[in-house]
Amino acid sequence: MYEKFLTNRSIFLSKQTLLLILGYFAIRIISFGITQHLILQAILIFILLLAFGILYYKNQEWAWYILIGELLLGGAGH
């Protein structure tokens, strides 16, 4: 019954899923690596806020992706 859901076309076996999981872990490792560098953190936050503002002006849906992604990564949304 469930064999048709776990074929080669399944989302669990796709390249996109693997890239997203690897991206998640890369972001977490970078986050742990810059905990002692306040200037670098401030620069990254400024770039992220600038990207959020530009994307909100261009396409609000993409800006929401950044906000939801930040919340899923364990941030506080600010």
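Helix H1 supplies the largest share of the lining of the second largest pocket, 4 residues. The model is predicted; local features need pLDDT of at least 70, side-chain atom pairs count only at pLDDT 80 or more, and totals for chains, interfaces and linings use all residues. Residues are numbered from 1 along each chain as its sequence is written, and side-chain values use heavy atoms, with hydrogens and water left out.

**The pocket**

The second largest pocket has a volume of about 220 Å³. Its lining consists of Leu20, Gly23, Tyr24, Ile27, Gly69, Leu72 and Leu73. Helices H1 (15–33) and H3 are the elements that give two or more residues to this lining. Helices here are DSSP runs (H or I, at least four residues), numbered from the N terminus. By class, the lining has 5 nonpolar residues, 2 polar and no charged. Gly counts as polar, Leu, Ile and Tyr as nonpolar.

A pocket is an open set of points on a 1 Å grid over the protein atoms alone, where a 1.4 Å probe fits, with protein on both sides within 12 Å along at least five of seven lines; lining residues have an atom within 4 Å of a point. The volume is the space filled by probe spheres set on the points.

**Aromatic pairs**

The whole structure holds 2 aromatic pairs. Ring centres must lie within 6.5 Å; planes under 30 degrees apart count as stacked, over 60 as edge-to-face and the rest as tilted.

| Pair | Geometry | Centre to centre | Between planes |
|---|---|---|---|
| Tyrosine 24 and phenylalanine 25 | edge-to-face | 5.4 Å | 75° |
| Phenylalanine 52 and tyrosine 56 | stacked | 6.3 Å | 25° |

Tyrosine 24 is partly exposed at 35% relative accessible area, and phenylalanine 25 is partly exposed at 48%. Buried means under 20%, exposed over 50%, partly exposed in between (1.4 Å probe, protein chains only). Tyrosine 24 also lines the second largest pocket.

Phenylalanine 52 and tyrosine 56 both sit in helix H2 (residues 38–58), 4 residues apart, about one turn of the helix. Phenylalanine 52 is partly exposed at 27%; tyrosine 56 is partly exposed at 40%.

**Phenylalanine 52**

Beyond its neighbours within four places in sequence, phenylalanine 52 contacts Ala63, Ile66 and Leu67. Contact means heavy atoms within 4.5 Å. Phenylalanine 52 and alanine 63 are 11 residues apart in sequence, but 5.4 Å apart in space, C-alpha to C-alpha.

**Confidence**

The protein averages a pLDDT of 78, and 78% of the residues score at least 70. pLDDT is the predictor's confidence in each residue, from 0 to 100. Confidence is lowest in helix H3 (residues 60–72), at a mean of 82, and highest in H2, at 87.

Key:
Rings of Phe, Tyr and Trp (its six-membered ring) pair if their centres lie within 6.5 Å; planes under 30 degrees apart count as stacked, over 60 as edge-to-face and the rest as tilted.
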